Amino acid sequence: MKTFLFAALSLFLISNITFSQNADAILGDWFNAEKDGKIRIYKSGSLYFGKLIWGKELYEADGKTSRKDANNTNALLKGRPLLNLLILEQFEFHQDQWRNGKVYDPKSGKTYDGFLKLKEGKLEIRGYVGIAAFGKTTVWTKAQ
């Protein structure tokens, strides 16, 4: 009986260590599907966030001034700079995916519920309103 309890406890501890190691696998820089933006995913406490750190059309003609979030559906947010704008917010890791977060699309100015999943080294981002089955998935690639 002691051997069984020891084996069960060991298996439980190993599986928890494995999941916590996998939880941080998304950290780092990722290119969006169009490769015209780079998002840095980072962790704050137990939550995961992603901010826009590079983009082909991130700056005004002077090359120094960040473009604004002009497409935002919230008039109060239209003046915020695109540089370092939060694209992914408050994702929690559960088993094999990051859930319960928000995905912001600066091209449309809309925010969606979302979840993230790593698949074969690529990051699948699913954004949806209400029901995930009716959402859209985009795939990001890890920046080297």
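Reader: What are the ground rules for the numbers?
Author: Residues are numbered from 1 along each chain as its sequence is written, and side-chain values use heavy atoms, with hydrogens and water left out. As this is a predicted model, local features need pLDDT of at least 70 and side-chain atom pairs count only at pLDDT 80 or more, while totals for chains, interfaces and linings use all residues.

Reader: Why is Phe31 called partly exposed?
Author: Buried means under 20% relative accessible area, exposed over 50%, and partly exposed in between (1.4 Å probe, protein chains only). Phe31 has 23%, so Phe31 is partly exposed.

Reader: Why does Tyr128 count as buried?
Author: The relative accessibility of Tyr128 is 17%, so Tyr128 counts as buried. Phe115, with 24%, is partly exposed.

Reader: What makes Phe115 and Tyr128 an aromatic pair, and why is the pair called tilted?
Author: Rings of Phe, Tyr and Trp (its six-membered ring) pair if their centres lie within 6.5 Å; planes under 30 degrees apart count as stacked, over 60 as edge-to-face and the rest as tilted. For Phe115 and Tyr128 the centres are 6.4 Å apart and the planes stand at 55°, so the pair is tilted. Phe115 is in strand S6 (residues 110-119) and Tyr128 in strand S7, 13 residues apart. Strands here are DSSP runs of E, at least two residues, numbered from the N terminus.

Reader: How many aromatic pairs are there by this rule?
Author: The count is 5. One of them is Tyr48 with Trp98: the centres are 6.4 Å apart and the planes at 80°, so this pair is edge-to-face. Tyr48 lies in strand S3 and Trp98 in strand S5, so the pair ties together parts 50 residues apart in sequence. Both Tyr48 and Trp98 are buried.

Reader: How do you know that S1 and S8 pair?
Author: Two strands pair if DSSP finds at least two bridges between them. S1 and strand S8 (residues 136-142) are joined by 2 bridges, so they pair, and they run antiparallel. Phe31, in strand S1 (residues 28-31), stands opposite Thr141 in S8.

Reader: Which residues does Phe31 contact beyond its neighbours within four places in sequence?
Author: With contact meaning heavy atoms within 4.5 Å, the list is Gly37, Lys38, Trp54, Trp140, Thr141 and Ala143.

Reader: What else pairs with S8?
Author: Strand S7 (residues 122-128) is joined to S8 by 6 bridges, and these strands also run antiparallel. Thr141 in S8 is the bridge partner of Lys122.

Terms used. Helix = DSSP H or I, 4+ residues; strand = E, 2+ residues; numbered from the N terminus.
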